[in-house]
Amino acid sequence: MKNEKHSGAGILFVRDSGQILLCLRDDKPQIPCPNCWDIIGGHVEQGETPRQCIVREVKEELGRDIKNLNFYKKTDMKDRIEHTYWERANIDIKQTTLTEGQKLKWFTEGQIKKLPEEKIAFGFKRIILAFLKDKPFQF
């Protein structure tokens, strides 16, 4: 019997300046990628589509409804199939209550490039940089 990979879904929030929103994961040794930067998202649950997953995760983690969800791409990763979405949003992180993780921060492309691979969770650095290069969010 073939062991199928699980699915994940994540969202890249892009503000008008082109910066990307990342979340600093909790610093707990029992979780994967502790104290690393991550995109908002999570595991697709049984009976859920990736789109439904990302809507749920954003509501759970940021208390926010998705206004204009756009699909970016599906990536076959070592451990999962990742579905990446994006939304143009000028989120005020000072006014956002985060329910998972330590804090939110807006990053420029240059700042993301300077972060070591191991400081961005789950191999997302290459997806984020590809997204910034492809620029599906042209304003």
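Is Met-77 buried or exposed, and what is its relative accessible area? Select Met-77 to begin: with a relative accessible area of 5% it is buried, where buried means under 20% relative accessible area, exposed means over 50%, and partly exposed lies in between (1.4 Å probe, protein chains only).

Before going further, note that this is a predicted model, in which local features need pLDDT of at least 70 and side-chain atom pairs count only at pLDDT 80 or more, while totals for chains, interfaces and linings use all residues. Residues are numbered from 1 along each chain as its sequence is written, and side-chain values use heavy atoms, with hydrogens and water left out.

**Around Met-77**

Met-77 sits in the loop between β5 and β6; helices (H or I, at least four residues) and strands (E, at least two) are DSSP runs, numbered from the N terminus. Show β5 (residues 70-76) together with β6, and you will find them antiparallel and joined by 6 bridges, with Asp-76 opposite Ile-81 in β6. The two strands form a hairpin with 3 residues between them, pairing being assigned if DSSP finds at least two bridges between two strands.

Leaving out residues up to four places away in sequence, Met-77 touches Lys-5, Glu-82, Phe-122, Gly-123, Arg-126 and Ile-127, contact meaning heavy atoms within 4.5 Å.

Phe-122 has a positive phi of about 55 degrees although it is not a glycine, and at 28% relative accessibility it counts as partly exposed.

Colour the lining by element, and β1, β4 (40-43), α1 (50-62) and β6 (80-88) each give two or more residues.

**Strand β2**

β2 pairs in the antiparallel sense with β7 (residues 103-107) over 5 bridges and with β3 (residues 37-38) over 2 bridges. Selecting Leu-24 shows both partners, as this residue stands opposite Lys-103 in β7 and opposite Trp-37 in β3.

**The nonpolar cores**

Finally, select the largest nonpolar core, which has 20 residues, Leu-12, Ile-20, Leu-22, Ile-112, Ile-128 and Phe-131 having the most contacts inside it. A nonpolar core is a set of buried Ala, Val, Leu, Ile, Met, Phe, Trp, Tyr and Cys residues joined through side-chain atoms within 4.5 Å. The elements giving two or more residues to this core are β1 (6-14), β2 (20-24) and α3 (124-134), and α3 gives the most, with 5 residues.

A second, separate core of 18 residues includes Phe-13, Ile-40, Cys-53 and Leu-69.
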